[in-house]
Amino acid sequence: MGLMSYCNYICEWLSCVALEQKRLLTSGHFVQRSEQKWRGGRNMVEQISKREFYAKYANKRDKGNIRWAAILAYVCAAISLAAGLLIQNYFIVIDVALIVGFALGVQIAKSRACAVLLLVYSCISTLLTLISTGRITGWWLILVGVWAVIGTFNFHKDYQKYSLR
C-alpha cells in the first residue's frame, strides 16, 4: 500500500466517525452523556451546592436542629445583651458578637466549625461563670451548641453521601 492508500483509508475512517457522532447527536445519547462529568474513574452527575442540597434533599430532623439551634442562639444572645446592658457591663457586646457570629455560621453556612466553636465557647463560658459566681448559668447555650453540632454534622454526612453517588 502506498501513501495514497493510507490517506484514503484515514479519510474513510474519519467520515465513519463523523457519521457516528452525527447519529449520536440526533438520537440524544450524546447530549445525555455530555451532561455528565468524569470523576474518579466513573461518570458522575453534576454536583449541586450545599445550599441547593439543604433546600431539596436535607431531612427534616437536621433542618430543624440547624434552624432551632440558630434561633435559640439568637435568643440567648439577646438575653445576654439585655442583662449586660442592665448591669452596665458593656463588655458583654463581645460575648453577644461571638454568639451571633457562630449562630450565623451555623444557620447560613451550615458550618461544622462554627457549631463546634459555639459548643466549646458555651462550655468555657459556663465553666468560668460557675467558678466566679458559684452558679450554673448559660446551660441553654450548651444545649444550643449540642443541637448545632448534631444538625451540621448529620447534614454534612448526608451531603457527602449524596455527592459521592
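Start with the buried side of α5: I92, D95, V96, I99, F102, A103, G105 and V106. Buried here means under 20% relative accessible area, exposed means over 50%, and partly exposed lies in between, with a 1.4 Å probe and protein chains only. Helices are DSSP runs of H or I with at least four residues, numbered from the N terminus. An α-helix has 3.6 residues a turn, so residues three or four places apart point the same way.

This is a predicted model, in which local features need pLDDT of at least 70 and side-chain atom pairs count only at pLDDT 80 or more, while totals for chains, interfaces and linings use all residues. Residues are numbered from 1 along each chain as its sequence is written, and side-chain values use heavy atoms, leaving out hydrogens and water.

The buried residues of α5 pack against α4, α6 and α7. Contact means heavy atoms within 4.5 Å. The helix α5 has 18 residues and spans 25 Å from first C-alpha to last, close to the expected 26 Å. That expected span is 1.5 Å times one less than the number of residues. After α5 comes K110, with a positive phi near 55°.

Now the core. A nonpolar core is a set of buried Ala, Val, Leu, Ile, Met, Phe, Trp, Tyr and Cys residues joined through side-chain atoms within 4.5 Å. The largest one has 24 residues, and V106, L141, V144 and F155 touch the most other members. At least two of its residues come from each of α3 (50-56), α4 (60-86), α5 (92-109), α6 (112-133) and α7 (139-163). Leaving aside residues up to four places away in sequence, V106 touches I66, S111, C114, A115, A148 and T152.

Next, the rings. The structure holds 9 aromatic pairs. Rings of Phe, Tyr and Trp (its six-membered ring) pair if their centres lie within 6.5 Å; planes under 30 degrees apart are stacked, over 60 edge-to-face, and the rest tilted. F53 and Y57 are tilted, because their centres are 5.9 Å apart and their planes at 40°. Y57 and Y162 have centres 5.0 Å apart and planes at 25°, so that pair is stacked. Y57 lies in the loop between α3 and α4 and Y162 in helix α7, so the pair ties together parts 105 residues apart in sequence. Ring pairs link F53, Y54, Y57, F155, Y159 and Y162 into a cluster.
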